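I opened a new page for this one.

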Amino acid sequence: MKWTAAKLKALKGKQKIAMLTAYDALTASLVDGAGIPAVLVGDSLGMTVLGYETTLPVTMAEMLHHTAAVSRGVDQALIIADMPFMSYQPSIAMGLENAGRFMKEAHADAVKIEGGAVRSELIEALVSNGVPVLGHIGLTPQSIKEMGGYKVQGKTSEQARKLMDDAMAVEQAGAFAIVLECMPAELGESISNALTIPTIGIGAGAGCDGQVLVFTDLLGMSGKPVPKFVKKFADLNGQMKTALREYKSEVESGSFPSAEQTY
Ligand code: KIV
């Protein structure tokens, strides 16, 4: 069964939703093969696979290239393309055009955009033109320079009220779900209870309707420190390093290839 935005939305209150990022056909086929219903081609690819310091330099060309690769690796999961910095902020027309490119050229099923009430008009325009939208509020990494760092959001009652209003505005504008990033668990739960669309948390506590993590964080691939909200379900960095060292040493000693790997 191919997942749609409507099917994912209908899971609210029935089943918690697992979402994971993927960046190419291999990682996407692993996510899809695990039965995870939604794969996010996050602009986190800037840091996880392209070597940038932040998500800000990520371009439409890079996102299209990786989203197309993900779509070649997926059979069933909903494919959500993250719209990169300044691909939708300058105008509604630019947002519509670039979202259309994700669907036409890279076979995305939906797009994600960062921001709350400020994005209402764009979300309405996208949805009314046939583009399902995943919202994203709380810590929004494309605004990192303005926010002054990767900090927990919504800690004061005024900030919490603003995030609640933003979540309501995103739902009202027609988004099928919303990512809540880095906020107190109590606020994540209140927003989840107030909305009729699913909330997908990342550092927003267990009260959200679903969770999303970054592929390389979940598998412990990078060997770098990860945020508090990450649980490493494996230590692939350690395993990969050991395998690579063994390969080097076997080539150098002449024990690889052995008779078994020889024609
Ligand atoms: O870019 C990304 O991977 C994201 C998720 C972490 C929500 O925005």
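**Backbone notes**

I started where H11 ends: the residue that follows is Gly254, with a positive phi near 85 degrees. My helices (H or I, at least four residues) and strands (E, at least two) are DSSP runs numbered from the N terminus. This is a predicted model, where local features need pLDDT of at least 70, side-chain atom pairs count only at pLDDT 80 or more, and totals for chains, interfaces and linings use all residues. Residues are numbered from 1 along each chain as its sequence is written, and side-chain values use heavy atoms, leaving out hydrogens and water.

I noted both because most residues other than glycine have a negative phi, and most peptide bonds are trans.

**Ligand notes**

Which residues are around the ligand? I listed Thr21, Leu40, Gly42, Asp43, Ser44, Asp82, Lys112, His136, Ile202 and Val214, counting a residue if one of its heavy atoms lies within 4 Å.

Next I checked polar side-chain atoms against ligand oxygen atoms. For Ser44 the distance is 2.5 Å, for Lys112 it is 3.1 Å, and an N or O atom in the side chain of Asp82 is 3.2 Å away.

Key:
A polar contact is a pair of N or O atoms within 3.5 Å; within protein, one must be able to donate a hydrogen and the other to accept it, and residues adjacent in sequence count only if both atoms are side-chain atoms.
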